[in-house]
Structure formats: structure tokens, C-alpha cells
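Q: I've got a model open and I'd like to learn how to read it. Could you walk me through some features?

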Amino acid sequence: MIDIVFCQNEKMLLSKGGQHKIKRNGEKTNQAFCSSAKLFVLDGALNVGDISGSPIGDERAQVYTEIMCIDMQTRLEKRNWSVSSHWNRYVADYTECIERARSGETARIWFTDSPHDWCGLLGFIHDAVGFNSEIHIIQCSGKTEVEKTLYECFEENGVCHTNMLKESILSVRTKNKASCMWRQLREENAPIRAVIDGRLVSSTWALYDAYIIAELLSSQTIEVGQLIVRVLAKYNLNVSDYLIGKRIKDLITEGSIVVTNTSKSFYRCGVKKV
């Protein structure tokens with residue numbers, strides 16, 4: 001069994017060894033969060049940037065580097081080593097997962113309703129759809145239109161509850177449908193992918209502008225880090241701080257936001273609306 005998550009935080013939660021109820025074949029059973037010897041983290045950030053090429057290709061490596069470096073204060077050589085180390089681990093994990101799926105091993109994917117996780121899920125299904133291996137999914141939180149679409153095709157329908165996780169086996173039809181969804185997103189190849197009104201769709205960076213500007217209107221000057229926290233907490237966007245931080249940088253470049261005081265850390269810079 002290959003156990004897969006899409007960010008390090010999820011790995012830490014699932015690796016704590018706590019017990020949780022999982023429903024299989026209509027019966028509830030107590031089971032450790034994750035019983036596999038190794039938990040793979042496929043954190044390729046497929047919700048951001050160019051996805052027309054390989055998920056472990058040069059274009060993806062460049063996007064990954066930009067995400068990792070947005071607020072790094074370390075010396076350049078140390079920073080480059082850190083990013084390279086994370087990227088090499090991701091590539092190794094992804095390659096091993098695909099190879100084991102190709103050999104027929106079952107993959108079990110744990111995911112949330114964030115666009116980051118949905119893109120990781122659809123991307124992996126797309127790359128593994130041609131292999132003769134089962135794919136199990138366990139959604140840890142939330143409800144989205146994408147989930148409803150997938151559940152329509154589940155061999156065994158079920159509902160996720162707050163105290164019970166539903167593990168479902170994807171049928172061939174479901175995997176093909178998920179693969180088609182990802183293929184369409186790749187063809188659109190938008191700057192970002194977001195969950196809007198419960199649906200995973202292609203979008204632009206400007207999606208987050210209104211939230212950022214709204215929070216600046218209520219404050220004369222605010223540190224970038226505090227602004228990011230406010231936006232993420234108030235509007236429940238379920239995205240990483242990188243996306244909001246990146247857009248704040250863009251708005252500064254465009255002249256919609258001005259920097260009132262600088263700092264070595266971008267997150268500690270003071271900003272306000274023009």
C-alpha cells in the first residue's frame with residue numbers, strides 16, 4: 001500500500017499514530033491514521049503555475065523554487081541547498097509512487113478540500129490511470145463540487161463525517177473522469193487553480209485582489225505577514241500564504257500598494273493602499 005499526502009503538515013498529522021474511525025464495507029473500524037511504513041508527500045504545488053509539462057520537470061522546479069523562496073532570509077547558497085533538498089525529495093517520492101503504481105501496488109490518497117490537494121489528487125490519478133492498480137481515497141475535511149462529481153462514480157457511495165473517514169475505491173470510470181478533468185486544466189494552463197463555489201477551476205492571480213485590498217482599507221499600515229494572516233483567516237481561502245504573498249508583491253509592483261517601511265524579511269515589510 002502506498003500512502004500519499006500533498007503537504008508536510010498533513011504528513012505530520014497522519015504520522016502521529018492516533019486512532020481514527022474508518023468505514024470499510026459498511027463497518028466502522030478503529031485504525032491508526034496511517035499504517036504504512038512510509039508516507040509519501042507529493043507537494044509539487046500543482047495549483048500554481050505552468051502544469052502543461054511534467055510534474056517533476058524543469059518548469060515545475062522553477063515554480064517550486066519561487067514558492068519556497070518568497071520569504072527566505074538565509075544566505076543564497078544555503079537557500080539554494082534547502083530548496084534543492086526539498087525538490088529532490090519530492091521528485092524521488094513522486095517517481096517511486098508512480099513506479100510502484102505501475103507495478104500494480106495499491107495507492108491510498110489522503111486529501112483535504114484545498115486546491116493544492118485537489119490538483120495533487122487529480123494529477124496523480126491522471127499519471128497513474130493507465131496502470132492496473134487500485135486507487136483508494138480518503139477525504140479528511142470539507143465538501144466540494146469535485147468531490148460530488150467523483151462520488152457519483154464511486155463503487156460504494158458514502159458520506160464523510162467529522163468523526164469518521166470514508167475510504168473509497170475508485171472505479172475505472174471514476175479514474176478516467178478524474179484524468180479528463182486534469183487534462184482540461186492542463187490545456188487551460190492558467191496561472192493558478194482555485195476552488196470557487198465548490199468547484200476546482202482555472203483562474204488568475206487577480207482572484208485574491210479584492211480580499212487583500214479590503215483588509216488594507218481597514219488599516220493605515222500593516223506588516224505583510226499580518227495582512228496575509230488576516231486574508232487567510234477571514235475569508236477561509238484554504239490556500240498557502242505563498243499565493244497571497246505573491247499577489248501582494250505583484251500589487252506593489254503594479255503600484256496599487258506601497259511599502260511604508262522595508263525589512264530583510266518581506267513578511268515584515270509595512271504596506272498600505274495607495
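This is a predicted model: local features need pLDDT of at least 70, side-chain atom pairs count only at pLDDT 80 or more; totals for chains, interfaces and linings use all residues.

Q: Is His136 buried or exposed?

A: Buried means under 20% relative accessible area, exposed over 50%, and partly exposed in between (1.4 Å probe, protein chains only). His136 has a relative accessible area of 9%, so it counts as buried.

Q: Which residues is His136 in contact with, leaving aside neighbours within four places in sequence?

A: Contact means heavy atoms within 4.5 Å. For His136 the list is Thr106, Ala107, Arg108, Ile109, Glu167, Ser168 and Ile169. Arg108 is 28 residues away along the chain, yet the two C-alpha atoms are separated by 4.5 Å.

Q: How do I read a nonpolar core?

A: In soluble globular proteins, nonpolar side chains tend to be buried together. A core here is a set of buried Ala, Val, Leu, Ile, Met, Phe, Trp, Tyr and Cys residues joined through side-chain atoms within 4.5 Å. The largest one has 33 residues, and Ile4, Leu42, Ile109, Leu121, Phe124 and Ile135 touch the most other members. Helix α4 gives the largest share, 7 residues. A second, separate core of 28 residues includes Ala45, Ile212, Val224 and Leu251.

Q: And how do I describe two packed helices?

A: You use the angle between their axes and the distance between the axes. Here axes are lines fitted to C-alpha atoms, for helices over the stretch in contact, and angles run from 0 to 180 degrees between N-to-C directions. The axes of α4 and α6 come within 8 Å and cross at roughly 110 degrees. That makes them roughly perpendicular (65 to 115 degrees; under 35 is roughly parallel, over 145 roughly antiparallel, the rest oblique). Residues that meet there include Cys119 and Leu122 in α4, and Ala178 and Trp182 in α6.

Q: Which residues of α7 are buried?

A: In α7 (residues 209–217) they are Asp209, Ile212, Ile213, Glu215 and Leu216. Seen down the axis, they fall within an arc of 160 degrees, so they line one face of the helix (the arc is that of the directions from the helix axis to the C-beta atoms). The face turned away carries exposed Ala210 and Leu217.

Key: Residues are numbered from 1 along each chain as its sequence is written. Side-chain values use heavy atoms; hydrogens and water are left out. Helices (H or I, at least four residues) and strands (E, at least two) are DSSP runs, numbered from the N terminus.
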